[in-house]
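Visitor: I have the sequence and the structure open and would like to learn how to read them. Please take one feature at a time.

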Amino acid sequence: MNKSVRFENFTNRVWKFFASVKLSVVVLLSLAATSIIGTVIPQNANPMMYLQKYGETLYPIFNALDFFDMYHAWWFRLLLGLLTVNIIICSIDRLSSTWKIIFPKKINFRAGRFRKSANRVEWASDIPSNQLKNAYESYIGRHFRHITVQKTDNGLLIFGEKGRWTRLGVYAVHLSILLLVIGGLIGSLYGFEGFANIAEGESIKSVPLKNNNQERELPFTLRCDEFSISHYDSGMPKEYRSTVSILNGQKVIHKADIRVNDPLRYQGINIFQSSYGRIPADSFTILFTDPDSGMEYEKRASIGSRIKMPSNKGTLVIEDFTTGFSFHGHNIGEAFLCQKIPADNKADTSNIVIPLSYPRFDRMRGGDFAISIKDVEFGYYTGLQITRDPGVPIVYVGFIIITIGCYITFFMLHKQVCVELTEQNGRTNVMLACVSGKNRPGMKTATRRLANRLQNLQNMDER
Amino acid sequence: MITSSILLSIITFVYGLAALLYICAWVFKKELPGRLATATTVIAASGNFIGIILRWIESYQQGIGHAPLSNLYESLVFFAFCIAVLYLFLEFRYKLRVIGVVATPLAFLAMAYTSLRVDSTIEPLIPALQSNWLIAHVITCFVGYAGFAVAFGISILYFIKSSRGGLNGGFTSKIPHVDMLDELTHQMVMFGFLFLSVGIITGAVWANQAWGRYWGWDPKETWSLITWLIYASLLHARLMRGWTGKKIAVLSFAGFVAVIFTYFGVNLLPGLHSYQ
Ligand code: HEM
């Protein structure tokens with residue numbers, strides 16, 4: 001065997017491998033089976049969580065196999081790639097023979113196929129065959145697009161055919177899968193997915209991305225003017241609404257309300273209502289209570305302020321606010337996080353937590369003063385998902401094509417019909433069969449139904 | 001005035017009765033119980049439909065009007081209705097009552113589960129569910145699931161029939177030939193596949209409206225994709241030589257297990273979808 005023949009054999013085999021339906025069944029089932037992993041193992045969570053959950057032995061194995069971000073793992077992408085190649089090669093491989101069926105050079109019926117069909121229906125009639133021929137030919141001609149009549153040795157054959165083009169439906173379905181893959185790829189290459197919390201009155205010019213620690217510049221400034229919630233009588237949330245402005249420099253160029261299911265799309269950027277939270281507004285009152293005398297001192301403060309404590313006992317720094325503080329494993333709700341710096345500055349600074357719902361909480365600390373915070377006015381911040389995905393139009397076109405393609409493939413058939421008329425002892429024997437490219441139980445019913453119609457035609461003629 | 005939940009509880013028993021009648025007709029090979037079974041199923045499906053409409057009206061009377069397709073209870077009721085209607089269509093088209101033996105119990109089970117385990121109060125729609133895509137999504141998904149449920153039922157018949165080597169006698173004589181069952185499974189799977197595809201698509205469009213991404217590998221989404229992939233492989237497996245009958249029935253079984261898991265099991269896993 002010389003080299004080029006061997007090479008041809010090799011490429012042939014590779015081609016056959018990638019064109020085979022067996023490969024696609026294997027790949028489809030592998031995709032289904034491996035997809036389960038990512039629904040059982042939470043994806044993209046904290047490594048410490050995984051280590052705790054799966055232990056020292058399983059964790060490194062799972063990690064090496066990319067189980068913690070498996071839908072982006074190389075092996076999952078390989079399966080998707082294999083499916084794509086499979087679809088392309090398979091379609092090319094078959095297109096030419098399908099094309100010949102759809103646009104045949106010469107229409108060629110094999111009567112044997114119909115004579116042998118298990119679906120065929122036969123009956124006899126007293127009407128002469130040429131009379132039947134006219135009635136049947138006009139009926140079939142009305143219901144089938146192509147019609148041919150052939151003479152045989154002892155009678156004639158009427159062939160009808162329709163729906164050849166529906167053979168292209170499957171190609172549309174497979175093409176749409178390619179569109180979904182391409183659209184998804186474009187989205188992951190040229191799109192981004194970010195998330196930002198914006199307090200009322202605040203604005204952002206860039207958004208932190210979800211999958212890495214980068215920030216993405218926006219082509220405009222986004223300001224949250226107001227956030228509001230409304231409730232049903234039962235207390236269930238009815239609507240979350242962010243009123244936002246798009247600014248160019250200082251100038252407002254667009255204003256909009258964003259609600260769940262009603263995003264803002266602006267300059268190719270999509271902004272979605274995603275979450276919200278409460279934050280304390282600028283000022284509140286700090287109450288220092290002397291545990292011995294019961295004396296109370298009030299001071300106004302805001303986040304970040306440094307407050308001189310009464311009797312020169314040191315400085316209190318209001319550092320931060322949290323929506324849920326965990327105290328010995330219990331969530332004690334919204335709390336301010338503070339730092340106390342003693343006056344002499346020699347001792348260490350200490351951290352103090354002041355929960356909003358428990359004004360007497362700080363007494364437990366047993367300090368010079370019990371500290372609590374009141375008269376807090378709250379504002380909201382809105383959590384907005386900010387994305388750009390230039391692949392979406394392609395994906396949506398894929399969605400439309402797959403729907404139409406599946407409908408054509410499943411419910412519209414390439415149908416052929418054959419009626420054979422033979423004269424025998426002054427009677428006409430009729431044989432009728434419908435076949436389709438794919439054998440469907442529908443063909444049996446279709447044949448019977450057509451037989452009924454043809455027989456009715458004949459009865460009407462008799463009358 | 002009869003409320004929708006009372007009516008639907010009654011309908012549960014009507015489905016149960018229909019199932020019993022189909023079984024009687026099958027076991028005793030009699031025509032009368034078969035006719036009664038068909039009539040009972042028609043009554044059950046009509047009552048089921050009226051119940052859905054009634055619930056719709058009730059939600060408006062409570063001032064929180066929305067299509068009754070928004071939680072587990074409502075979707076199960078709709079699921080039962082789809083199974084019944086699809087089955088009745090098959091019965092009239094192919095004149096086969098034996099499929100009723102497996103189809104009506106499925107409708108009954110769906111309804112019985114709502115009475116036992118699921119809260120039936122009408123709730124207002126939370127913001128995430130306030131979308132017309134929700135209606136399109138739920139309807140197409142459940143019509144598709146109904147197709148798969150009936151395919152699953154036919155696969156059970158396939159196993160019963162083929163376990164006796166296709167012998168004609170006893171209970172199996174009323175079951176159509178395995179080739180016919182195989183092809184009916186295929187038809188139901190094609191029907192289900194088209195609707196599941198549209199269901200996944202409408203879900204993706206909805207997710208893109210509500211959350212800003214059309215696909216996020218959320219467990220519910222992933223399981224619907226798994227279901228879709230299993231049925232896609234079933235459709236292709238038929239094209240391979242040697243992959244008929246039993247193997248197709250096994251895939252149809254596996255597919256329906258995935259449907260059930262997508263529906264119930266996923267709630268055990270973390271994710272955005274609270275029901276369906
Ligand atoms: C997710 C991916 C795929 C989907 C959704 C899909 C969908 C379909 C559908 C709906 C049919 C019609 C089946 C029927 O008539 O019962 C079909 C047929 C077919 N598919 Fe796929 N397919 C996929 C991947 C593939 C791949 C990777 C191949 C590669 C070999 C392939 C090869 C075929 C062939 C050869 C047919 C039969 C065409 C005919 O009847 O002339 N498919 N596909």
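Guide: Start with burial: a residue counts as buried under 20% relative accessible area, as exposed over 50%, and as partly exposed in between. At 18% relative accessibility, A:His174 therefore counts as buried. Keep in mind that this is a predicted model.

Visitor: Which residues coordinate the iron atom of the ligand?

Guide: A:His174 and B:His236 do, each through NE2, at 1.8 to 1.9 Å. The two histidines come from separate chains: A:His174 sits in helix α7 (residues 169-190) of chain A, and B:His236 in helix α7 (residues 219-237) of chain B.

Visitor: What is the geometry of the site of the iron atom?

Guide: The general idea is to look at the angles among the donors. Six donors count as octahedral if opposite donors are over 155 degrees apart and all others between 65 and 115. Here the six donor atoms make angles of 87 to 179°, and the site is octahedral.

Visitor: Next, helix packing. At what angle do the axes of α5 and α6 of chain B cross?

Guide: Helix α5 (residues 132-163) and helix α6 (residues 178-210) of chain B cross at roughly 160°, and their axes come within 7 Å. An angle over 145 degrees counts as roughly antiparallel, so α5(B) is roughly antiparallel to α6(B). The crossing of these two helices is left-handed.

Visitor: How do the residues of the contact of α5(B) with α6(B) divide?

Guide: That contact has 24 nonpolar residues, 12 polar ones and one charged.

Visitor: How do α6(B) and α7(B) cross?

Guide: The axes of α6(B) and α7(B) cross at roughly 150° and come within 10 Å. That angle makes α6(B) roughly antiparallel to α7(B). Their crossing is left-handed. Helix α7(B) is the one that holds B:His236, an iron ligand through its NE2 atom.

Visitor: And in chain A, at what angle do α2 and α4 pack?

Guide: Helix α2 (residues 21-40) and helix α4 (residues 74-102) of chain A pack at about 155°, with axes 10 Å apart. By that angle, α2(A) is roughly antiparallel to α4(A). Again the crossing is left-handed, as α2(A) passes α4(A).

Visitor: What is the phi of B:Trp217?

Guide: B:Trp217 has a positive phi of about 55°, and it is not a glycine either. This tryptophan lies in the loop between α6 and α7 of chain B. At a relative accessible area of 22%, B:Trp217 is partly exposed.

Visitor: How should I read separation along the chain against distance in space?

Guide: Take the two numbers side by side for each pair. B:Thr41 and B:Tyr15 are 26 residues apart in sequence and 6.5 Å apart in space, C-alpha to C-alpha. B:Thr41 is in helix α2 (residues 31-61) of chain B and, at 0% relative accessibility, counts as buried.

Visitor: How far apart are the C-alpha atoms of A:Arg145 and A:Gly163?

Guide: They are separated by 8.0 Å, for residues 18 apart along the chain. A:Arg145 belongs to the loop between α6 (129-143) and β2 (146-152) of chain A. It is exposed, at a relative accessible area of 67%.

Visitor: Where is A:Trp165 found?

Guide: A:Trp165 is in the loop between β3 (155-162) and α7 of chain A. At 40% relative accessibility it counts as partly exposed. A:Trp165 and A:Trp99 are 66 residues apart along the chain, with 9.2 Å between their C-alpha atoms.

Notes:
Residues numbered from 1 in each chain as written. Chains lettered and ligands numbered in written order. Predicted model: local features only at pLDDT ≥ 70, side-chain atom pairs only at ≥ 80, totals over all residues. Heavy atoms only, no water. Axes fitted to C-alpha atoms, helices over the stretch in contact; angles between N-to-C directions. Helix = DSSP H or I, 4+ residues; strand = E, 2+ residues; numbered from the N terminus. Parallel < 35°, antiparallel > 145°, perpendicular 65-115°, else oblique. Left-handed = near helix turned anticlockwise from the far one by under 90°. Nonpolar A, V, L, I, M, F, W, Y, C, P; charged D, E, K, R; others polar. Donors = N, O, S within 2.8 Å, 3.2 Å for Na, K, Ca; no water. Tetrahedral: all angles 85-135°; square planar, octahedral: opposite > 155°, others 65-115°. Buried < 20%, exposed > 50% of the residue type's maximum accessible area, 1.4 Å probe, protein only.
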